[in-house]
Amino acid sequence: MEMTEIGKSVRRLDYETKVTGRAQYLADMSVPGMCHGKILRSPYPHARLKHIDASKALKVPGVMAVLTRDDILHDEGIEPFYGPVFKDQTIVAVEKVRHVGDPVAAVVALTIDAAEEAIRLIDVEYEELPAVLDVHQALKPGAILVHESIKLPSSGFADLAELKPVEGTNVCTHFRLNRGDIDKGFAEADHIFEDTFTLPATQHSFLETHACIASVEPGGRITVWATTQNPFVVRTQLANIFKVPVSKVRVIVPYLGGGYGGKVYPKVEPITVALAQKAGRPVRVVLSREEVFYTITKHAAVIRMKTGVKNDGTLIARECEIHLDTGAYAEIGPRVAKKSGYTAAGPYRIPNLKIDSYSVYTNKPPAGAFRGFGVSQSAWAVESQMDIIAAALKMDPLELRKQNGYDEGDKFVTEETLRAVGLKECLDEVAKSIGWETKVQGLKGSRVEGSGETNVKRGKGLACMIKATITPSISCAVVKLNEDASLSIYTGTVEMGQGSETVLAQIAGKELGLPLQTIQVLGVDTDVVPYDLTTSSSRSTFHMGKAVQLAAQDVLRQLKQIVMKEYGVPEDKVTFADGKIRLPETQLDYAEVMFKRFGMQGGTLVGEGQVKTSVKDEYGEKSTSAFWFVAAGAAEVEVDSETGQIKLCKYATAVDVGKALNPLGCRQQLSGAAITGIGQAMFEEIAYDNGQLINPNLVDYVLPSLGDMPSVIDPVCIEIPHRNGPFGAKGIGESALIPVAPAIANAIFDAVGVRIKDLPIKAEKIFLALEEAKARPLI
């Protein structure tokens, strides 16, 4: 068997299990005595609950229990309010409902049919209330309040400690970032640009919907099988809600069918546990696709951006106001707003800044984490305006970005020093991929040769980004060397399609010199694996990968100690190479040493590793982010100047990965993120009519199909190693998505000269912009 290599493409460890259909997802699972839960949801965006009568539902054969507000308000063993940041959410609605789809009651029955019939028989009397349905309406003086008051705090997240709701308003949080002298900066500017950009709410569109199985033992022990990206956070939240020690909550995560941020923090778990507790039986709840749309979305946003620029293209001042629609509950919106604010300056040196980023309550379904975590919203504005500036100054958009972009050792807006920043390398690579030099040579809006249509124009555009990872945070790992020299890895990282099992095995295998075939990465069970904050924020390779590396090094240290003791060899004479222990005159297999130490009965060596990031790194430098993501994207499009029809011909994405541990896996991640970005840019939006979702399914909610994909997606890995990452690696999962929309918009402008400022970019928007341009009088 080959020794494990770093930087070499390998087939994923879960490949065969998944492609043969043997992987077990939560909806495939059942436990003895399991019943089925269904949820009654509000038909109104805002209404007071006057009366709930479940008597008819309880008479349906097979119904075990009905859960209403009375159960959570009058049970001293339940804390009704919860939430990852603020306690503004309840298991079921208590006084009023705050969005269409808000849970009102739930039923547990022996069959799904019985549960559905009982749901229809619950009688609810509502008093409909006026609703606030967008951020502008929500922020008006005297606006209807989504929440009259909010319980604080919930999580104790260190990075959110200073953020609080603004009492008497619908402002959930207001993040401020000020740097330099904004008035002086604008006074010194030769040009000032001011634009407003908008993005709609969108869906994560993971294949597997939210689901949960919960069992509550008579002694209060809670076991949950959950579709979650952060089982330890869910464990803590459930312990708080049901007033039990953390040790009495067990969270198990089978294979996860995609997450993209939509499965972080509690979703369906609290209501499933409450049903199991009341029924005295295990309960499974599996959401329909429509229910997912009511459960979590990506934040819609309105962004006003004002930038001051010198004649030579130097950015000297920016004022930015971001309003994120966080929906009816805060969820993790305060952190999304903060990250969006951090990155409103883009990956650029701007000495004078005034940034205000708001998360705003409305009567819409909650918005939370989404791949890119607020940065895709701010980057849409930043990178679109960069091309507006370049056009006005008659500068090359690539050179404008490189002129102002971050270099190694520059200070970020938070005054920390940036390390391992491959921004300009990323820009150069994507520009080369789409043949940017032909654009610079003056072929803007060129006719497509051989098309036979003079109205089909071709254009090229690019964009770039910078993003933080969640900091501070912690990841712990345990590796266990078995008597036959095979290895077991225990981590809290959730495998959800990103390939984490394979990368973690590669890291341990390389450190110990073991082949991948001898390594097993165990599934996530909070009773078994050590603590990990979350599988999100593209943090797992950097944090958990390093923890696994340290745990493997701990095993090597123990092996060395055994050899020194059992064989009498001095420490400086014991070395490791290719899975062998090298001594002056011989070499030993790990299995030999394990036998020497433990004998015939067998034994294990247990190595531990922990990575804890803080506001200062291990070198004493300020650290808002343990590492920074940088990436660039470039698009080539064809646009019909008569109809607005757009074709994406090619898309290139380059990401600074630090070190590509598994190059194939990296390229797959970059391509997948780019495809998600194409959907967000050109197709996807959740549509509302007076608070009612009109496309809560994957028929009416349009996702890109294979035919909508460009003929070429070119994923490029830039390697600028990070001193703290395992073998220099960084996280990459979100980076490639973020530049896609502005790169496409910039390419469209290059082709036909119209600027689209509201997503998604559709043919009718381009057509109307072209018609408006034709009607505009020539100056």
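Helix α16 (residues 540-567) lies across β22, β23 and β29, with contact meaning heavy atoms within 4.5 Å. The helix α16 runs at about 145° to β29; axes are lines fitted to C-alpha atoms, for helices over the stretch in contact, and angles run from 0 to 180 degrees between N-to-C directions. Helices (H or I, at least four residues) and strands (E, at least two) are DSSP runs numbered from the N terminus. The model is predicted: local features need pLDDT of at least 70, side-chain atom pairs count only at pLDDT 80 or more, and totals for chains, interfaces and linings use all residues. Residues are numbered from 1 along each chain as its sequence is written, and side-chain values use heavy atoms, without hydrogens and water.

The open sheet has four strands in the order β24-β23-β22-β29, with mixed pairing; a pair needs at least two DSSP bridges. β24 and β29 (605-613) stand at the edges with a single partner strand each, so one side of each lacks a neighbour in the sheet. Neighbouring strands are turned by 15° against each other on average, direction ignored. Strand β22 (residues 473-481) runs antiparallel to β29, joined by nine bridges. L481 stands opposite L605 in β29. α15 lies across β23 (487-491) and β24, at about 130° to β23.

α15 (500-512) and β24 (519-521) each supply at least two residues of the lining of the second largest pocket. A pocket is an open set of 1 Å grid points, over the protein atoms alone, where a 1.4 Å probe fits, with protein on both sides within 12 Å along at least five of seven lines; lining residues have an atom within 4 Å of a point. The lining holds 29 residues, with L13, D14, E501, I519 and V521 nearest the pocket centre.
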